[in-house]
Amino acid sequence: FELDASIIFSDILVIPPILGLNISMVKGVGPVTETPLEITNDNVHQQLLTPLTADQVRERLSYVYQGIKLTRHALNGKVPLIGFVGGPFTLLSYSIKGKASGAKKAMYKYPKKCKQLLRIFTDATIAHLVGQVNAGAQALEVFESGAGELSPHMFREFVLPELKRIYVEVKRQISNANEIPMILFAREVNIKLDELSKDCGYEVYAIGWGKDVVAARTEIGDAGILQGNLDPWCLFGSD
């Protein structure tokens, strides 16, 4: 069957290493942070990550942009090419000992510090997305795959502002903003899609296979396009 698009898969965890974290891919386990962040106080001056300028981010991730350029050339206009990143909470979860549960504990215990870390991840994410557009990406997707781990209150307070900032800043910094749709996949998020779309502004909202697509359309109305909702196991079907 014909495909709708192509996507650059450079892994969601390309950003933490350029900010000073060592991440290894362990066979049978997946990504493991060798030296996870340890927050010991809520002092925002405690330096846990190394913030980079936008130019520094793009210099260190230049191999991704080279891959985008080569892929655009190989596609020869057959289908659009999507660039993507991991969302700020997902990056924080992989950076702290205990992953999502460790990140949630830290957010309750050290809220100011966690918000600072999320801002640093967001700044790098914005720079990286702009770099992907400059290299030829024709759409962008933000994978906040850890969204469902958070209560509605925690998601609204910590994550929603950063997801909105990603959208607003990327659109502001690229010259062809109207031509580059942005997709948000907040996996199993615990707020309704109408609130998500109202507060974030993305053109497209990806939903998991566990979400009723009719209910999703009712929630979001005409505020955005829906993507996804396919149970990958159906590929094993005989028809």
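Trainee: What makes strand E4 (residues 81–86) and E5 count as a pair, and in which sense do they run?

Mentor: A strand here is a DSSP run of E with at least two residues, a helix is a run of H or I with at least four, and both are numbered from the N terminus. Two strands pair if DSSP finds at least two bridges between them. E4 and E5 have 5 bridges and run parallel, so they meet that rule. One place to look is Val85, which stands opposite Val142 in E5.

Before you go on: this is a predicted model, where local features need pLDDT of at least 70 and side-chain atom pairs count only at pLDDT 80 or more, while totals for chains, interfaces and linings use all residues. Residues are numbered from 1 along each chain as its sequence is written, and side-chain values use heavy atoms, leaving out hydrogens and water.

Trainee: How many bridges join E5 to E6?

Mentor: 5 bridges, again parallel. Leu140 has Met182 in E6 as its bridge partner, and Phe143 stands opposite Phe185 in E6. E6 also pairs with E7, in the parallel sense over 2 bridges, and there Ile183 stands opposite Val204.

Trainee: Why is the crossover from E6 through H8 to E7 called right-handed?

Mentor: Point the strands away from you: if the path from the first strand over the helix to the second runs clockwise, the crossover is right-handed. The β-α-β path from E6 through H8 to E7 gets that label. E5, helix H7 (residues 152–173) and E6 make a right-handed β-α-β unit too.

Trainee: Why is E5 said to be largely enclosed?

Mentor: Buried means under 20% relative accessible area, exposed means over 50%, and partly exposed is in between (1.4 Å probe, protein chains only). In E5, 5 of the 6 residues are buried, so the rest of the structure largely encloses the strand. E6 is mostly covered as well, with 5 of its 5 residues buried. Met182, Leu184 and Ala186 are buried on one side, and Ile183 and Phe185 on the other.

Trainee: What makes Met25 buried or exposed?

Mentor: Met25 lies in strand E2 (residues 23–26). Its relative accessible area is 54%, so it passes the exposed cut-off.

Trainee: How do you know how many disulfides there are?

Mentor: A disulfide needs a pair of cysteine sulfur atoms within 2.5 Å. The sulfur of Cys114 is 20 Å from the closest cysteine sulfur, in Cys200, so a bond is ruled out. The count is 0. Cys114 is buried at 0% relative accessibility, and Cys200 is buried at 2%.
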